[in-house]
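Hi,

Here is the model I promised to pass on. Have a look, and my notes are below.

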Amino acid sequence: IKFINIAKVHMEEKNIQETNTNLIKAQRIIEELNGTLDMKYDVSKELRALYTFIRERLIDANIQKDIKILDEILPIVEEMRNTWKLAMEEAKKQRVLEGAK
């Protein structure tokens with residue numbers, strides 16, 4: 001999210017190098033998430049498709065220097081972050097409950 005937002009600012013300023021740098025950083029994060037998926041779980045297949053879509057759109061935005069593409073994927077990435085945050089909070093609560101037993 002951070003690097004997409006930074007890229008948007010640089011894109012508006014027509015700073016091609018910094019746009020490229022930050023979109024590549026965002027791509028690498030998505031690639032890392034994709035690469036760590038354990039494909040024995042069904043949810044991993046769905047996440048792989050989502051990560052692939054996001055990565056392809058980041059590449060498209062970088063090639064086309066199109067801020068609309070970034071505006072398209074930013075809510076998806078934010079929703080993913082929020083979902084992971086909730087999952088981590090739930091896991092933490094579960095560990096606390098199990099520790100209290």
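The lining of the largest pocket splits into 11 nonpolar residues, no polar ones and two charged (Ala, Val, Leu, Ile, Met, Phe, Trp, Tyr, Cys and Pro count as nonpolar, Asp, Glu, Lys and Arg as charged, the others, Gly among them, as polar). This is a predicted model, where local features need pLDDT of at least 70 and side-chain atom pairs pLDDT 80 or more, while totals for chains, interfaces and linings use all residues. Residues are numbered from 1 along each chain as its sequence is written, and side-chain values use heavy atoms, with hydrogens and water left out.

Helix 1 (2-12), helix 2 (16-35) and helix 4 (67-100) each supply at least two residues of that lining (helices are DSSP runs of H or I, at least four residues, numbered from the N terminus).

Now the core. The largest nonpolar core has 18 residues, and Ile4, Leu23, Tyr51, Ile54, Leu58, Leu70 and Ile73 have the most contacts inside it (a core is a set of buried Ala, Val, Leu, Ile, Met, Phe, Trp, Tyr and Cys residues joined through side-chain atoms within 4.5 Å; buried means under 20% relative accessible area with a 1.4 Å probe, protein chains only). Helix 4 gives the most to this core, with six residues.

What does tyrosine 51 touch, leaving aside its neighbours within four places in sequence? Tyrosine 51 is in contact with Ile30, Leu33, Asn34, Leu37, Met80 and Trp84 (heavy atoms within 4.5 Å). Tyr51 is also among the buried residues of helix 3, including Ile54 and Leu58. After helix 3 comes lysine 65, with a positive phi near 50°.

Cheers

Notes. Buried < 20%, exposed > 50% of the residue type's maximum accessible area, 1.4 Å probe, protein only.
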